[in-house]
Amino acid sequence: MRLSGRVALVTGGSRGIGRAIVEALAREGAKVAFVYRSNKDAADQLVADLATDQREAIALQADVANTEEVDKVVTEVLEKWERIDILVNNAGITRDGLLATMEPDNWHSVIETNLTSVYNFCHAVMRPMMSQRSGRIINMSSVSAEFGNQGQVNYAASKGGVQGLTRCLATEIGRRGITVNAIAPGFIVTDMTEAIRNAAESEIKKKVPLRRLGQPDDIAHAVTFLASDEASYITGQVLTIDGGMTLGGI
């Protein structure tokens, strides 16, 4: 197992892409702490499912945009397992709408959840990882950061910020043996994309050279690779996983 003995922390880990990431990291031998916002039943079920397979995981409730709650999460993980080797900033929301009619709350909530949370967790794990002189940080961006979609100025801004943060942080901490990379998914089958898929799934597939939508495991496999020793010379990169959709624009 590629991640045996390592400790991972995943935000937004109770469902969708996050759940697939937690499961994949655990299968590779990592001890996994994951953060959820409100769905305690789903979080508890995931912990129970992993325990059945003799995988060790804990669920921690927190608002990822709240600095104090984030610091508490990181402290709890360090107290339990004494280290954090892998951080996956996966938590994210959408509040789509045209800018002309976008309420300020819909701007701020997306920026705070999708971008400020990445700062919060990266900042909180920085000292432990620097002391270890090793670590893997993997941030979740989106193809929306590169290709403008109407009604997504808040989401695109947040994910573009994630990419900029990723590149800059990689230059700051590479000398300490810490890599920082991002993944930019395309259309993945999750609750978040359900409304779009219900309205236009057949049209979306026509724009994807592989002629299918992505599955959460497609992202989780890439995360486990970037978290492993096999990716030790990759940093500051954004890996697009979209079935080729953005080759011709979206």
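Where is Ile188 found? In this predicted model, Ile188 sits in the loop between β6 (178-185) and α6 (194-206). Its relative accessible area is 4%. Ile188 is therefore buried, as the cut-off for that class is under 20%.

An unreviewed UniProt entry lists it under "binding site", together with Gly12, Gly13, Ser14, Arg15, Asn90, Tyr155, Ala156, Ala157, Ser158 and Lys159. These residues are spread over 177 residues of sequence. They are also spread in space, with up to 24.8 Å between C-alpha atoms. Several of them contribute to the lining of the largest pocket. That lining includes Gly12, Gly13, Ser14 and Arg15. It also includes Asn90, Tyr155, Lys159 and Ile188.

Lys159 belongs to helix α5 (residues 153-173). Its relative accessibility is 3%, so Lys159 counts as buried. Residues up to four places away in sequence aside, Lys159 touches Asn114, Met140, Ser141, Ser142 and Ala145.

A helix pair was also examined. Helix α3 covers residues 67-81, and helix α4 covers residues 104-132. Their axes come within 9 Å and cross at roughly 35°. The crossing of α3 past α4 is right-handed. On the α3 side, the contact involves Thr67, Val70, Asp71, Val73, Val74 and Leu78. These meet Asn120, Phe121, Ala124, Val125 and Pro128 in α4. Eight of the residues in this contact are nonpolar, two are polar and one is charged.

Conventions:
Residues are numbered from 1 along each chain as its sequence is written. This is a predicted model: local features need pLDDT of at least 70, side-chain atom pairs count only at pLDDT 80 or more; totals for chains, interfaces and linings use all residues. Side-chain values use heavy atoms; hydrogens and water are left out. Axes are lines fitted to C-alpha atoms, for helices over the stretch in contact, and angles run from 0 to 180 degrees between N-to-C directions. Helices (H or I, at least four residues) and strands (E, at least two) are DSSP runs, numbered from the N terminus. A crossing is left-handed if the near helix is turned anticlockwise from the far one by less than a right angle, and right-handed if clockwise. Contact means heavy atoms within 4.5 Å. Ala, Val, Leu, Ile, Met, Phe, Trp, Tyr, Cys and Pro count as nonpolar, Asp, Glu, Lys and Arg as charged, and the others, Gly among them, as polar. UniProt positions are given in the numbering used here, feature names are shortened, and annotations may be inferred rather than shown by experiment. On a 1 Å grid over the protein atoms alone, a cavity is a set of points where a 1.4 Å probe fits but cannot get out, and a pocket is an open set with protein on both sides within 12 Å along at least five of seven lines; lining residues have an atom within 4 Å of a point. Buried means under 20% relative accessible area, exposed over 50%, partly exposed in between (1.4 Å probe, protein chains only).
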